[in-house]
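Hi,

Here is the structure I promised to pass on to you. My notes on it follow below.

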Amino acid sequence: MARKLSTLVVFGAILFALLQHVSMAQQTHVVGDTLAWTVPNGGAASYSTWAAGKTFAVGDILVFNFRTGSHSVAEVSKGAFDSCNTSSPISISTNGPTNITLSSVGSHYYLCTFPSHCTLGQKLAINVSGSASPAPQPAPATPPTTTPVRAPAPSVSIAPATAPAPASVSQTYIVGDNLGWSVPTSGPNSYQRWANGKSFKVGDTLVFNFVNGTHNVAMVSKASYDSCNTTSPINTISNGPARIRLTNSGEHYYMCTFPRHCSLGQKLAINVTGTDVTAPTPSTASTPSSPTVPSSDSPVNSPTAPSASAPSLALAALPLTFLSFALVRLLN
C-alpha cells in the first residue's frame with residue numbers, strides 16, 4: 001500500500017507539471033471579441049479598451065474577423081497609425097478572417113485601409129512581450145489517506161488552431177465613401193451610383209459624415225424624397241457623423257434638408273432586406289410605407305466570437321490520457 005501511495009504522489013506531480021506547461025501555451029485573441037473588426041460605435045477607444053486588460057506574447061495569434069470586401073487589416077508604423085496614413089503599410093490582408101501570429105516583441109500597430117475607417121476608430125495598438133505570463137495554476141491533488149479510488153480518464157478539450165469567422169456579420173457603410181455626406185459635384189445621381197451593387201440588410205449601419213451646421217440627414221417618405229419636400233421628415237439628425245442602424249426591411253429614403261441640397265443631389269434611396277437571419281438583434285420587418293429610424297449611435301452587436309484567450313490543450317491530450325490509464329492499471 002505504501003508503495004502504491006508513493007507512486008500516486010509521483011504521478012500527481014507529473015500531471016501537475018504537464019498542466020503547468022499547458023497554461024503557458026500560446027493564446028488566440030479574437031480582436032474586439034463580439035465587436036469583431038469593424039468601424040466601432042465607440043470610436044478608437046473601443047479597441048484600446050479591449051486590449052488594455054490583455055497580455056500579448058510572441059507566438060500569440062490575433063484573429064481579425066471581417067467580411068472580405070468590407071474591411072482590411074494592415075500593420076503600419078506608429079507615425080502612420082497616429083495620422084491614419086494608409087499609403088505605405090508594412091503588410092496588409094484583405095481577406096477575412098485574417099490570422100496574424102505575433103513574431104516579435106515591442107509595439108505593433110494595425111488599422112483598416114478603407115476610406116475613413118481608421119479615422120472613425122478602426123485601429124489597434126498593442127505591446128508584445130517576449131513570453132506569456134503564467135496563468136493561475138491548479139492546486140496539486142492531496143494523496144488519499146484511504147483506499148485509492150480509480151480516477152476516470154480526464155476529459156480534454158482541444159481548442160481550435162484558428163477561430164472561425166462569424167457566419168454573418170453586420171456591415172458598416174460610409175455613405176459616399178470619400179465624398180462623405182455633402183452636395184455632390186459629380187451630379188444628382190452620385191449617391192445612387194454609390195449604393196448600386198451593395199446589399200443592405202437589417203442590422204447594418206449607415207454612417208453619414210458631415211460637419212455640424214453645414215448639413216443634416218433626414219429620413220423621409222418616398223413622395224417627399226421624389227419632390228425634395230423637407231417640411232415633414234420622419235426623423236432628422238443634425239450632428240455629424242450621424243450613425244443610422246437599419247432596423248427594418250423595405251425602401252429607405254434619406255436627404256439633406258438644407259436649402260437646395262436635395263435638389264442638387266444630396267439624397268439617397270436604398271432597399272433593405274430582412275433575410276439575413278443571423279444579423280445581430282434583428283427587428284421585425286415592417287411595411288415599406290412606414291419605415292422607422294433608430295436613434296443615432298445605436299450599438300451594433302456582433303455574433304458571439306470564440307474565447308479570446310483559451311490556451312490550446314492539444315499537446316497535453318496524449319500524455320494526460322496515457323498517464324491516467326497507467327495510474328489506473330498500477331492501482332489495480
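Glutamine 171 is in contact (heavy atoms within 4.5 Å) with Arg67, Ser70, Asp204 and Thr205, leaving aside its neighbours within four places in sequence. With Ser70 there is also a polar contact of 2.4 Å between the two side chains; that term stands for a pair of N or O atoms within 3.5 Å, where within protein one must be able to donate a hydrogen and the other to accept it, and residues adjacent in sequence count only if both atoms are side-chain atoms. Glutamine 171 sits in the loop between β8 and β9 (172-174) and counts as buried, at 4% relative accessibility. Buried is under 20% relative accessible area, exposed over 50%, and partly exposed in between (1.4 Å probe, protein chains only).

Before you read on, please note that this is a predicted model: local features need pLDDT of at least 70 and side-chain atom pairs count only at pLDDT 80 or more, while totals for chains, interfaces and linings use all residues. Residues are numbered from 1 along each chain as its sequence is written, and side-chain values use heavy atoms, with hydrogens and water left out. Helices (H or I, at least four residues) and strands (E, at least two) are DSSP runs, numbered from the N terminus.

Another loop residue to look at is asparagine 85, between α3 (78-83) and β5 (91-93). Asparagine 85 is partly exposed, with a relative accessible area of 36%, and its side chain makes a polar contact of 2.6 Å with that of serine 87.

Next, the helix α2 (residues 45-52): its buried residues are Tyr47, Trp50 and Ala51. Seen down the helix axis, they fall within an arc of 90 degrees, so they line one face of α2; the arc is that of the directions from the axis to the C-beta atoms. These residues pack against β1 (28-30), β2 (56-57) and β8 (123-129), whereas Thr49 and Ala52, on the other side of α2, are exposed.

Finally, the nonpolar cores, meaning sets of buried Ala, Val, Leu, Ile, Met, Phe, Trp, Tyr and Cys residues joined through side-chain atoms within 4.5 Å. The largest has 22 residues, of which Phe208, Tyr254 and Leu268 touch the most other members. Two or more residues each come from α4 (190-195), β11 (205-208), β12 (217-220), β14 (242-245) and β16 (267-273). Apart from this core lies another, of 17 residues, including Val31, Leu35, Trp37 and Cys112.

Best wishes
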